[in-house]
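Please read this report alongside the sequence and the structure.

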Amino acid sequence: MFEMSKKGGTDKPAADTAQRSEAVVRPETTASRGPAGHAVIVASIHIDGDLRGEEDLLIEGEVNGTVQLKNNSLTIGPQGKVRADVYAHSIYVDGFQEGDLYGSERVAIRKGAQVRGNVTSPRVSLEDGAKFKGSIEMDPQAVQGANSRNAPKPAPSQAAPRPAPATQKFGDPGAPKPETPPAVKSAS
């Protein structure tokens with residue numbers, strides 16, 4: 001990153017060194033690994049849109065939109081604020097959740113959680129002290145139906161449609177003139 005001079009200093013000014021070291025020291029400002037190997041969205045991060053992934057995730061920041069981790073677990077940490085429909089294998093809520101939860105294996109709403117939305121999962125636990133407003137449906141077929149309805153759609157083809165050929169009538173200005181057949185000589 002820096003080239004060292006012979007005296008042990010850097011070739012860059014001191015202010016630039018401080019800025020670069022700060023970026024290196026605090027990589028957790030975007031995403032990092034949690035203690036259990038989860039990917040982490042930290043408290044200073046705010047995401048609007050669809051969030052999809054293929055690994056376990058811990059959210060301590062804010063997410064608005066849709067969260068899809070169909071084969072993995074999602075944990076909404078104590079500082080996490082999620083306003084989204086969530087589709088995951090296992091869902092653990094310790095923070096704030098507004099939206100429907102679809103857990104193909106389980107949904108656990110822990111004592112510090114605040115949940116506003118419906119829960120659909122074959123296994124649901126609601127700890128004493130949690131705040132919950134919604135309905136609970138413990139039907140595996142309902143989860144499969146929700147997952148299939150929310151499956152990502154294939155991207156549309158990037159090829160532009162060809163324009164229809166323009167039709168022109170003979171005699172229109174700019175229309176090609178009909179070819180006249182060569183004169184046939186008659187043998188007399």
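## Overall picture

Among contacts in the chain between residues at least 6 apart in sequence, 7% join residues at least 24 apart. Contact means heavy atoms within 4.5 Å. The chain comprises two helices and 13 strands. These are DSSP runs, numbered from the N terminus: helices are H or I with at least four residues, strands are E with at least two.

This is a predicted model: local features need pLDDT of at least 70, side-chain atom pairs count only at pLDDT 80 or more, and totals for chains, interfaces and linings use all residues. Residues are numbered from 1 along each chain as its sequence is written, and side-chain values use heavy atoms, with hydrogens and water left out.

## Surface and burial

Of the 188 residues in the chain, 32% are buried. Buried means under 20% relative accessible area, exposed over 50%, and partly exposed in between (1.4 Å probe, protein chains only). The chain exposes about 12900 Å², and carbon and sulfur atoms supply 52% of that area. Accessible areas come from the Shrake-Rupley method with a 1.4 Å probe; for residues, only the protein chains shown count as cover.

## The nonpolar core

The largest nonpolar core has 23 residues. Such a core is a set of buried Ala, Val, Leu, Ile, Met, Phe, Trp, Tyr and Cys residues joined through side-chain atoms within 4.5 Å. L57, I59, V67, L74, V86 and L101 have the most contacts inside this core. Two or more residues each come from β2 (39-41), β4 (57-59), β5 (62-76), β6 (81-93) and β8 (101-109). β6 gives the largest share, six residues.

Take L101 as an example. Leaving aside neighbours within four places in sequence, L101 is in contact with V86, I91, V93, V107, V115, N118, V119 and T120.

## Strand pairing around β6

Two strands pair if DSSP finds at least two bridges between them. β5 and β6 pair in the parallel sense over twelve bridges. Here V67 stands opposite V86 in β6. β6 and β8 also pair in the parallel sense, over seven bridges. A88 has G103 in β8 as its bridge partner.

Strand β7 (residues 96-98) runs parallel to β6, joined by three bridges. The bridge partner of V82 in β7 is Q97.

## A stacked tyrosine pair

There is one aromatic pair. Rings of Phe, Tyr and Trp (its six-membered ring) pair if their centres lie within 6.5 Å; planes under 30 degrees apart count as stacked, over 60 as edge-to-face and the rest as tilted. Y87 and Y102 are stacked, at 4.7 Å centre to centre and 5° between the planes. Y87 lies in strand β6 and Y102 in strand β8, so the pair ties together parts that are 15 residues apart in sequence.

Y87 is buried at 8% relative accessible area. Y102 is buried too, at 13%. K70 lies over the face of Y87, at 5.8 Å from the ring centre. A charge sits over a ring if NZ of Lys or CZ of Arg is within 6 Å of the ring centre and within 35 degrees of the ring normal.

## Two further buried residues

T66 is in strand β5. Why does T66 count as buried? Because its relative accessible area is 16%. Leaving aside neighbours within four places in sequence, T66 is in contact with G49, D50, L51, A84, D85, Y87 and N150.

H38 sits in the loop between β1 (31-33) and β2. H38 counts as buried at 16% relative accessibility. H38 and S73 are 35 residues apart in sequence and 8.9 Å apart in space, C-alpha to C-alpha.
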